[in-house]
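Subject: The structure I promised you

Hi,

Have a look first, then read my notes below.

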Amino acid sequence: MHISILKSLFQRDLQKLKREIEAYHHEHHLWTTNKGIRNSGGNLCLHLLGNLNAFIGTELGNTGYVRQRELEFSLRDVPKEELLMQIDGTMAMIECTLEELSEEDLNKEYPIPVFKKPMTTGYFLTHLATHLTYHLGQINYHRRLLDH
């Protein structure tokens with residue numbers, strides 16, 4: 001049951017991420033920062049994709065993805081269509097990876113230490129889902145504030 005809930009939450013919120021990125025009227029606004037806003041909607045999207053592909057894809061799905069975290073915050077002007085394709089790829093990767101996990105796997109220790117203490121895979125996947133939601137809200141606010 002927990003795996004189906006996680007799959008549903010990741011799919012729901014990655015679909016919302018797609019809609020948010022699609023909703024930017026002016027593509028250059030994806031990369032706009034202003035005053036106290038340090039991260040653009042585009043960079044937050046890249047950060048989410050890097051995070052999910054590293055922690056779910058690499059560690060649980062053995063995809064071979066190599067994260068370049070610094071680029072998630074420094075790249076600019078990645079075309080909107082490229083971001084949307086990357087979101088689709090991340091959704092497919094999560095679906096396949098979670099499909100291969102058992103409920104027992106969720107109770108096992110996550111393969112690498114992340115918060116300087118051991119945690120279960122289920123706990124960390126829940127953290128990743130809430131991390132996605134947190135930044136999704138920031139992207140929504142960024143778009144509504146700066147893309148008019």
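Phe115 counts as partly exposed, with a relative accessibility of 37%. For that term, buried means under 20% relative accessible area, exposed means over 50%, and partly exposed is in between (1.4 Å probe, protein chains only). Before you go further, keep in mind that this is a predicted model: local features need pLDDT of at least 70, side-chain atom pairs count only at pLDDT 80 or more, and totals for chains, interfaces and linings use all residues. Residues are numbered from 1 along each chain as its sequence is written, and side-chain values use heavy atoms, with hydrogens and water left out.

Phe115 belongs to one aromatic cluster together with Phe55, Tyr110 and Phe124. Rings of Phe, Tyr and Trp (its six-membered ring) pair if their centres lie within 6.5 Å; planes under 30 degrees apart are stacked, over 60 edge-to-face, and the rest tilted. How many aromatic pairs does this rule give? The count comes to three. One of them joins Tyr110 and Phe124, a tilted pair with 4.5 Å centre to centre and 50° between the planes. Tyr110 lies in the loop between α5 (103-107) and α6 (121-146) while Phe124 is in helix α6, so this pair ties together parts that are 14 residues apart in sequence.

Next, have a look at helix α2. Residues 41-61 make up α2, and there is a kink of about 30° centred on Asn53. The bend at a residue is the angle between axes fitted to the seven residues ending there and the seven starting there. Is α2 mostly covered or mostly exposed? Mostly covered: 18 of its 21 residues are buried.

α2 also packs with α1. Their axes come within 11 Å and cross at roughly 155°, where axes are lines fitted to C-alpha atoms, for helices over the stretch in contact, and angles run from 0 to 180 degrees between N-to-C directions. α1 and α2 are therefore roughly antiparallel to each other (over 145 degrees; under 35 is roughly parallel, 65 to 115 roughly perpendicular, and the rest oblique). On the α1 side the contact (heavy atoms within 4.5 Å) is made by Phe10, Leu14, Leu17 and Ile21, and on the α2 side by Gly41, Cys45, Leu48, Leu52 and Ile56.

Most residues other than glycine have a negative phi. Lys35, in the loop between α1 (2-23) and α2, has a positive phi near 50°.

Last stop: Glu104 in helix α5. Glu104 counts as exposed at 62% relative accessibility, and its C-alpha atom is separated by 32 Å from that of Gly137, 33 residues apart along the chain.

Cheers

Technical notes: Helix = DSSP H or I, 4+ residues; strand = E, 2+ residues; numbered from the N terminus.
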